[in-house]
Amino acid sequence: MTPEEKLTELKLDDLKTDVFIEEEGRRLKDAIGDGLAINALSGGVDSSAVTLLGHKALGDNLKTYFVDHGLMREGEPQHIQALFKELGVEVVLLPAREQFFAALQGLTDPEEKREAITQTFYKEVFGKLVKDSGAKHLLQGTIFTDVEETIAGVKRQHNILAQLGIDTEKAFGYKVLEPLIRLRKPAVRKVAEALSLPEEIFNRPPFPGPALVTRVIGEVTPERIETTRKATAIVEEILKDSGAFQYMAILHSSKVTGMRDGKRDYGDQIEVRCWESKDAVTGSPTDLPFNVLEKLAERITNEVPGVVSVTYNITKKPPSTLEAI
Ligand code: XMP
């Protein structure tokens, strides 16, 4: 898809995965020829599908990187690297933790935080990589909903560039190719399955590109990310069989008074969200049994240092969004 072409959705019912994979693969080959392209894998279904589609079409002319920005879930970079090795794709880990935390330091405004991620990702990390490697193209897994939400002014999705009038060649020194841009999430899952990705990937709950940053209200520091990461692991463990579309732990910016061992304990608040949704455009909270909610509260307050309060979000999207940032 080039920016000049009008973006229209390719509906799930109209999707023929083999034709889609063939056509998009050919477009990539035509665009890249004998040159070198790179892509960033995050382990989500979108970037995983692009990685395999790209490798099928381009072979060694595509190099895949995992940006280890320190904002992911526990053990995620190594897990995804190992999983793709099994599929025959070499993934290079790119350490970038210091750069991302430095860019986020002192920022509390959600859109400023998103912009800091975008600039660090595309300009600093990938700009340098592209320059060093001689690649002229970056492949990425932008999907139809990302574009819609950004254009509608809901949120600036981290991966939206051309549709906001950003000339990536001028701004960052490379062209961006987005083979999934006409698809919504259910269609991407179908393509991912057809590409022979394992079910763990094609049925994975969505996880946002800016990672845990979308779940930290207020300033993002390594300590606050760690609190969110620990709470996330518990929420994911307890709710993994809930059948929900997405579930998450959000760290609030304000502390509240609590008590531990008979003494005052001024600590953090974690908000749990668990969503029923088809394509993330609208959503409603899952009707979780009360004993599950109690278990979430008990484990989070016992196992995550500094947390004294756990709440459950009962708002629909809209007016809420799925993520907090
Ligand atoms: P919201 O919070 O806007 O989220 O209701 C809708 C869906 O999009 C995911 N999300 C993102 N995905 N880059 C992404 O790749 C982003 O910047 C981003 N922000 C939100 C979110 O997890 C949900 O599935």
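Below are my entries, one topic at a time.

**Ground rules.** I'm working with a predicted model, where local features need pLDDT of at least 70, side-chain atom pairs count only at pLDDT 80 or more, and totals for chains, interfaces and linings use all residues. I number residues from 1 along each chain as its sequence is written, and side-chain values use heavy atoms, with hydrogens and water left out.

**Entry: Glu 76.** I found Glu 76 in helix H3, residues 76-86; helices here are DSSP runs of H or I, at least four residues, numbered from the N terminus. Is Glu 76 buried or exposed? Glu 76 counts as buried because its relative accessibility is 4% (buried is under 20% relative accessible area, exposed over 50%, partly exposed in between, with a 1.4 Å probe and protein chains only). I then looked for its partners: the side chains of Glu 76 and Arg 204 make a polar contact of 2.9 Å. That term stands for a pair of N or O atoms within 3.5 Å; within protein, one must be able to donate a hydrogen and the other to accept it, and residues adjacent in sequence count only if both atoms are side-chain atoms. Leaving aside neighbours within four places in sequence, Glu 76 is in contact (heavy atoms within 4.5 Å) with Ser 42, Phe 66 and Arg 204.

**Entry: the ligand.** I counted 15 residues around the ligand, each with a heavy atom within 4 Å of it. The closest are Glu 149, Lys 155, Lys 317, Leu 322 and Glu 323. Which distances did I note to oxygen atoms of the ligand? A polar side-chain atom of Glu 323 is 2.5 Å from one, an N or O atom in the side chain of Lys 317 is 2.6 Å from one, and a backbone N or O atom of Gly 209 is 3.3 Å from one. On its own the ligand has 490 Å² of accessible area (Shrake-Rupley method, 1.4 Å probe), and the protein covers 93% of that.

**Entry: helix H8.** In H8, residues 185-194, I listed Lys 185, Ala 187, Val 188, Arg 189, Val 191 and Ala 192 as buried. Their cover includes helix H1 (17-32), helix H2 (45-58) and helix H9 (199-202). Just after H8, I noted a positive phi of about 70° at Ser 196.

**Entry: Glu 223.** I placed Glu 223 in helix H10, residues 222-239. Glu 223 counts as exposed because its relative accessibility is 55%. From Glu 223 to Tyr 312 I got 89 residues in sequence and 23 Å in space, C-alpha to C-alpha.

Conventions
Helices (H or I, at least four residues) and strands (E, at least two) are DSSP runs, numbered from the N terminus.
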